[in-house]
Amino acid sequence: MTWTQIDDGLNFSPQTMPGTVSNAALGLWVRLCVHTAYQLRFPAFDGAFDLTVVRSLKGNARQVTELEAAGMLEPALAAGRWMVVEADTLMKFGGTSGSELKEKRAKAGHAGGVASGEARRSKREANREAKPKQTMKQKTKQTMKQNRSKRPKQNEAIASKQTKQPVLT
């Protein structure tokens, strides 16, 4: 995804000082920057726009001339088309575009898959080293053995009643 990063010193830039460009032209320039950033996602986009785009953003030819004179727009190779100027004192496009963006996301996805795989393997190894868990059957047998050892006299009495033999204490 591309981003339009407008410099926070834009108000103090020589191109945008009051009287250099109108607020309407400056607003159009911001919209053109955002439009260009969005279109950069598509590999076929060359970075240029024409008056049709300007009009769709509620701008006009006079504002484009104003922005071009201030150095915020520059003519593209094809006649009747312009490009936004990236300058340190104005703005820049952040992120990547088109196929670069797809490649970057794929690399990040692969890296995440590798990292999560390593995390799963380390958990598995830690579990192997830990004491084995008791199953329900093992717990029941252990509890029964403990109960027998705690009450030997009762167990003997129960056993003698079943066999009908006297208990010696």
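This is a predicted model: local features need pLDDT of at least 70, side-chain atom pairs count only at pLDDT 80 or more; totals for chains, interfaces and linings use all residues.
Q: Is K58 buried or exposed?

A: Buried means under 20% relative accessible area, exposed means over 50%, and partly exposed is in between (1.4 Å probe, protein chains only). K58 has 75% relative accessibility, so K58 counts as exposed. Its phi is near 65°, a positive value in a residue other than glycine.

Q: Which residues of helix 3 are buried?

A: First, the general idea: an α-helix has 3.6 residues a turn, so residues three or four places apart point the same way. In helix 3, the buried residues are Q63, V64, E66 and L67. Viewed down the helix axis, they fall within an arc of 160° and therefore line one face of helix 3. That arc is taken from the directions from the helix axis to the C-beta atoms. On the face turned away from the buried side sit the exposed residues R62, T65 and A69. Helix 1, helix 2, strand 3 and strand 4 are among what covers the buried residues.

Q: What is Q63 in contact with?

A: Contact means heavy atoms within 4.5 Å. Leaving aside neighbours within four places in sequence, Q63 is in contact with A24, A25, L28 and K58. With 6% relative accessibility, Q63 counts as buried.

Q: Which residue caps the N-terminal end of helix 3?

A: N60 does, with a side-chain oxygen 3.1 Å from the backbone nitrogen of R62. After helix 3 comes G71, with a positive phi near 85°.

Q: How many bridges join strand 3 to strand 4?

A: Two strands pair if DSSP finds at least two bridges between them. Strand 3 (residues 73-75) and strand 4 run antiparallel and are joined by three bridges, with M83 as the bridge partner of E74. The two strands form a hairpin with five residues between them, and G80 in the turn has a positive phi of about 80°. Strand 2 (residues 48-50) is also antiparallel to strand 4, again with three bridges; there, D50 has R81 as its partner.

Q: How many residues does the largest nonpolar core have?

A: In soluble globular proteins, nonpolar side chains tend to be buried together. A nonpolar core is a set of buried Ala, Val, Leu, Ile, Met, Phe, Trp, Tyr and Cys residues joined through side-chain atoms within 4.5 Å. Here the largest one has 23 residues, and those with the most contacts inside it include W29, F49 and L67. Helix 1 gives the largest share of this core, seven residues. As for F49, its contacts beyond four places in sequence include L32, L73 and W82.

Notes: Residues are numbered from 1 along each chain as its sequence is written. Side-chain values use heavy atoms; hydrogens and water are left out. Helices (H or I, at least four residues) and strands (E, at least two) are DSSP runs, numbered from the N terminus. A polar contact is a pair of N or O atoms within 3.5 Å; within protein, one must be able to donate a hydrogen and the other to accept it, and residues adjacent in sequence count only if both atoms are side-chain atoms.
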